[in-house]
Amino acid sequence: MSLKVVVLCCLLATGFSDDEVNNKAFPGDFLFGTATASYQVEGAWNEDGKGENIWDHLTHTQPDLVDGKANGDIACDSYHKYKEDVALLKDLGANHYRFSLSWSRILPNGTPDKLNVAGVNYYKNLIQELKNNDIIPLVTIYHWDLPQVLQEQGGWTDDFIVEAFADYARVCFELFGDDVKYWLTFNEPKQTCLQGYGDGSMAPAIKESGVMDYKCTHNVIRSHAKAWHIYDQEFRSTQNGRISITIDTNWFEPDDDSAENEAAAETKRQFTFGWYANAIFNGDYPEVMRTRIANRSAAEGLSESRLPKFTDEELSYILGTHDYLGLNVYTSSIIKAIPEPEIGTPSYYSDIGVGEYVPDDWPGSASSWLKVTPWGMRKLLNWVKTTYNDPEIFITENGVSEDGSSLEDEIRINYYRDYLSNVRDAMDDGVKVIGYTAWSLMDNFEWMRGYTEKFGLYYVDFESQNRTRVPKSSVEFFKKVIATRCLVDTCEEA
Ligand code: GBH
């Protein structure tokens with residue numbers, strides 16, 4: 001038996017060995033950091049004048065929807081403990097911290113008629129504390145926590161929301177823009193729309209797939225474009241920041257290299273990532289979405305497509321509203337061609353019309369949807385480069401969950417190392433990756449999964465009043481990566 005076979009057997013047995021890890025250093029100006037989101041960490045849900053948002057509302061009125069009937073009333077208590085959070089970031093040596101602003105903490109009525117000064121001061125203090133510690137704020141304007149009063153007026157599926165979001169964004173630029181150089185309008189709008197208004201698996205838990213998810217997306221894209229233009233026209237010249245959107249996707253790998261499975265995988269990518277990115281980067285919804293949804297709508301007897309249309313004026317207004325691209329990536333799945341789904345009740349999934357599965361032997365995590373597939377990272381980055389005209393890419397989330405039973409989170413160390421290795425490989429391929437953000441700084445409220453899935457570098461004791469933070473083993477690892485810019489013991493210079 002050749003040596004090669006022996007080596008291969010042992011690499012497979014141990015998962016990924018160090019030998020396969022990219023040994024080139026990351027560039028000196030590459031940004032390493034961590035992320036959180038307002039509802040998942042802040043707590044203080046009704047303190048100091050904060051208004052109710054859709055997650056407060058959902059967790060309080062339909063607690064059964066959430067594992068353990070959990071909620072974010074206190075969460076990590078970051079509203080009171082932000083200095084401690086920044087100290088953790090400082091200890092990690094993080095270059096940046098990605099956090100989100102709670103709309104209803106700043107504007108309790110959802111509109112600028114009333115500004116909640118205490119809420120504003122919380123974010124001002126957090127940003128100041130980051131500044132004092134040389135940590136760059138990367139600020140998400142919207143990470144899923146819509147003011148409940150705006151949901152009661154129709155939320156993202158009603159056109160009024162475009163103006164409302166634009167007004168809110170302007171307030172954010174005015175209040176914080178002098179100290180913020182990286183903005184994101186939306187985090188993962190696909191989850192807002194598909195899960196919020198399609199599957200109903202996230203707040204506001206509306207189930208009108210194939211209709212309301214498209215309407216929501218239409219308004220989200222218009223809102224994004226409007227916020228970008230406001231920044232561009234009113235703030236860029238004095239504040240000099242960059243603004244974009246964060247889009248999430250799996251890597252969709254074709255079942256085999258047959259033309260039909262390749263085409264199915266590309267259709268899935270376009271319906272997932274292209275749904276949001278294409279209008280902004282290339283102009284309009286992807287061709288395959290426009291065609292498939294129009295055809296299926298016609299077959300359903302509808303007089304027009306369920307996919308809304310942008311006017312020509314809107315199309316040119318939306319195109320180019322990005323200064324970089326935010327990318328959230330966790331996992332992969334396999335896509336194959338299937339026969340055309342029957343015409344019946346509309347659904348986003350039958351509009352896509354492909355089969356999706358995950359092989360049994362892919363290594364898992366504490367989240368059923370999250371398999372450890374580091375190779376997907378490199379493929380995805382290369383696909384994004386080719387499909388969207390080689391943008392600068394900021395990875396704004398990547399991470400893995402465990403069940404919290406041990407502080408020795410080897411799964412996370414291996415995950416970060418192997419995904420980062422593929423990021424570095426992609427940079428060798430010529431992809432312009434400018435930063436990497438680990439999800440998450442600490443364990444937090446994992447939406448419908450409550451506190452059962454732990455994504456943190458730091459463990460949080462949710463039983464203690466203090467919400468004590470304790471470093472897991474991955475902290476040491478990530479610290480070393482940030483300090484040395486290197487994934488192995490010694491790196492070649494970049
Ligand atoms: C990110 O979404 C979010 O931005 C972040 O807030 C969150 O904490 C983090 O992931 C970890 O989950 O339960 O089978 O219905 C990642 C994309 C999309 C992954 C929705 C989980 C639900 C799958 N997420 N998905 S399922």
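Which loop holds alanine 44? Alanine 44 sits in the loop between helix H2 (38–41) and helix H3 (54–61). This predicted model is shown below in a set of close-up views.

**Figure 1. The whole chain.** The chain has 17 helices and 13 strands. Its C-alpha atoms fill a box of roughly 65 × 55 × 50 Å along the principal axes. A compact globule of 494 residues would have a radius of gyration near 23 Å, and the chain, at 22 Å, agrees with that. Of the 494 residues, 60% count as buried. Among contacts with a separation of 6 or more, 77% come from residues 24 or more positions apart.

Figure 2. Alanine 44 is not a glycine, yet its phi is positive, at about 45 degrees. Aspartate 48 is also a residue other than glycine, and its phi is near 55 degrees, a positive value. Is alanine 44 buried or exposed? Its relative accessibility is 4%, under the 20% cut-off, so alanine 44 counts as buried. Aspartate 48 has a relative accessible area of 43%, so it is partly exposed.

**Figure 3. The largest nonpolar core.** This core has 147 residues. Which of them touch the most other members? They are Trp55, Trp103, Trp156 and Trp183. Helix H8 (residues 160–176) gives the most to this core, with eleven residues. A second, separate core has seven residues, including Leu138, Tyr182, Leu184 and Tyr324.

**Figure 4. The surroundings of tryptophan 103.** Neighbours within four places in sequence are left aside here. Tryptophan 103 is then in contact with Gly110, Tyr142, Asp145, Leu146, Pro147 and Leu150, among others. Its partners also include Trp156, Ile161, Ala164, Phe165 and Tyr168. Trp103 and Trp156 are both among the core residues that touch the most other members.

**Figure 5. Valine 171 in helix H8.** Valine 171 is found in helix H8. With a relative accessible area of 11%, valine 171 is buried. Which residues does it contact, once neighbours within four places in sequence are left aside? Valine 171 is in contact with Ile106, Leu107, Pro112 and Leu115. Asparagine 422 gives a sense of scale: valine 171 and asparagine 422 are 251 residues apart in sequence and 39 Å apart in space, C-alpha to C-alpha.

**Figure 6. Helices H11 and H12 cross.** Two packed helices are described by the angle and the distance between their axes. The axes of helix H11 (residues 259–281) and helix H12 (residues 287–299) come within 9 Å and cross at roughly 105 degrees. H11 is therefore roughly perpendicular to H12. From H11, the contact uses Thr267, Gln270, Phe271 and Trp275. From H12, it uses Val288, Met289, Arg292 and Ile293. By class, the residues in this contact are five nonpolar, two polar and one charged.

**Figure 7. Two cis peptide bonds.** One runs from alanine 203 to proline 204, with omega near 5 degrees. Where does proline 204 lie? Proline 204 is in the loop between helix H9 (189–199) and helix H10 (212–239). Another cis peptide bond joins tryptophan 439 and serine 440, with omega about 15 degrees. Serine 440 is found in the loop between strand E11 (433–439) and strand E12 (458–460).

Definitions and conventions:
Residues numbered from 1 in each chain as written. Predicted model: local features only at pLDDT ≥ 70, side-chain atom pairs only at ≥ 80, totals over all residues. Heavy atoms only, no water. Core = buried A, V, L, I, M, F, W, Y, C linked by side-chain atoms within 4.5 Å. Buried < 20%, exposed > 50% of the residue type's maximum accessible area, 1.4 Å probe, protein only. Helix = DSSP H or I, 4+ residues; strand = E, 2+ residues; numbered from the N terminus. Contact = heavy atoms within 4.5 Å. Axes fitted to C-alpha atoms, helices over the stretch in contact; angles between N-to-C directions. Parallel < 35°, antiparallel > 145°, perpendicular 65-115°, else oblique. Nonpolar A, V, L, I, M, F, W, Y, C, P; charged D, E, K, R; others polar. Rg over C-alpha atoms; globule rule 2.2 N^0.38 Å.
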